[in-house]
Each structure stands twice: as structure tokens, then as C-alpha cells.
Amino acid sequence: MSGPLLQFVEIPQRGDARGQLAVAELGGALPFVVRRIYWIYGTKPGVSRGFHAHKKLRQLCVCVAGSVRLSLFDGRREESVVLDSSAKGLLIGPGLWREMHDFSHDCVLMVFADAEYEETDYIRSKEDFLKNVI
Ligand code: T46
């Protein structure tokens, strides 16, 4: 039996009386060297995103404001989680179909990636994904 699809990392919180500060660093919350960071925000009501898998890319997703539901599917099992805290990161490795739903209007989803953007790393057809994993 394989392990859980949803793999979380705890992100240290270093807030004080002035407010909040969260830190993701190599050897701590970051399990890989980051080569790219992007963030998804201003998502329109009712919009879902994702609907693809990656061949090699590893990513850490942190919802630093608002909330979003993220689901992962390995071809057999699907697991989903609501991300709504900057203290909790979701690690997403290769070979997982991901979808993002139910973005709150104020959602800011930050994503740390271990490689630069490369369209050839994407599997955007679910049919092709299922052919590769099953
Ligand atoms: C992922 C989920 C969680 C770039 O030019 N550079 C980039 O670094 C990224 C991430 C995207 N783009 C371009 C490619 C598309 O023309 O921006 C456009 C939107 O990307 P996409 O439709 O892939 O966005 P999402 O939200 O469906 O998926 C993104 C990431 O692409 C993906 O790697 O795992 O977030």
C-alpha cells in the first residue's frame, strides 16, 4: 500500500507582538533548492485551475492569504485539502494530477518550484496522464 498523496510541511511562524512572519528555508520547510516562485491571486469567482500533472517538477504550495481547495490524483486515489494557512505547505511531486477549486476572493497561493518553467514538463491531457500512470 502506498503512502498519502497529501504531504504537508509545517512552516515555522516567527510572529511577535508586531505581527506575523513565516519562513521557508532550505533544510527547514524547503526540501529542495528553489529555482522559481510564482503566486496565483485575483482568481475570479467560480474559476478552477490546474488540470495537469508534471513529469519531474517538485513544488511546495503555501496559501499565504485566503483559502483554496487543492486535490491530487495519482490515477487511482484522489485526496483533497483546503489550504488556508501560511503555516502549512503542501508538497506536490511529479506524476500527480492537480486541480485547484473554491478560491476565496482574497486567495494568494504561493508556489516554490525546483525548476524553471518548462511547458514540456506538463501533462495537460488527462487521457495522456492516465495512460502513463495506469
Ligand atoms: C501547477 C499549479 C499548482 C509561465 O509562463 N511561467 C510559470 O512559471 C507558470 C507557473 C506559468 N506560466 C504561464 C503558462 C500559462 O500560459 O502562465 C499561464 C498560466 O499557467 P497555468 O495555466 O499552467 O496555471 P495553473 O494555475 O493551471 O497551474 C499552475 C502551474 O502552472 C502548475 O505548475 O502545478 O499552478
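In this predicted model, a polar side-chain atom of His54 lies 2.6 Å from an oxygen atom of the ligand, a polar contact being a pair of N or O atoms within 3.5 Å. A polar side-chain atom of Arg98 is placed 2.8 Å from a ligand oxygen atom, and a backbone N or O atom of Gly50 lies 2.9 Å from an oxygen atom of the ligand.

Around the ligand stand 13 residues, of which Arg36, Arg49, His54, Gln59 and Tyr122 come nearest; a residue is near a molecule if one of its heavy atoms lies within 4 Å of it. Strand 2 (36–41), strand 3 (49–54) and strand 8 each contribute at least two residues to this shell, and the largest share, four residues, comes from strand 3, where strands are DSSP runs of E with at least two residues, numbered from the N terminus.

An open sheet of five strands has the order 6-5-8-3-10, with antiparallel pairing, two strands being paired if DSSP finds at least two bridges between them. Strand 6 (78–83) and strand 10 (122–123) stand at the edges with a single partner strand each, so one side of each is left without a neighbour in the sheet. Within the sheet, strand 5 (residues 68–73) and strand 8 (residues 97–101) run antiparallel and are joined by five bridges, and Leu72 stands opposite Arg98 in strand 8.

Residues are numbered from 1 along each chain as its sequence is written, and side-chain values use heavy atoms, with hydrogens and water left out. As the model is predicted, local features need pLDDT of at least 70 and side-chain atom pairs count only at pLDDT 80 or more, whereas totals for chains, interfaces and linings use all residues.

Definitions and conventions
Polar contact = N/O pair within 3.5 Å; in protein donor to acceptor, adjacent residues only side chain to side chain.
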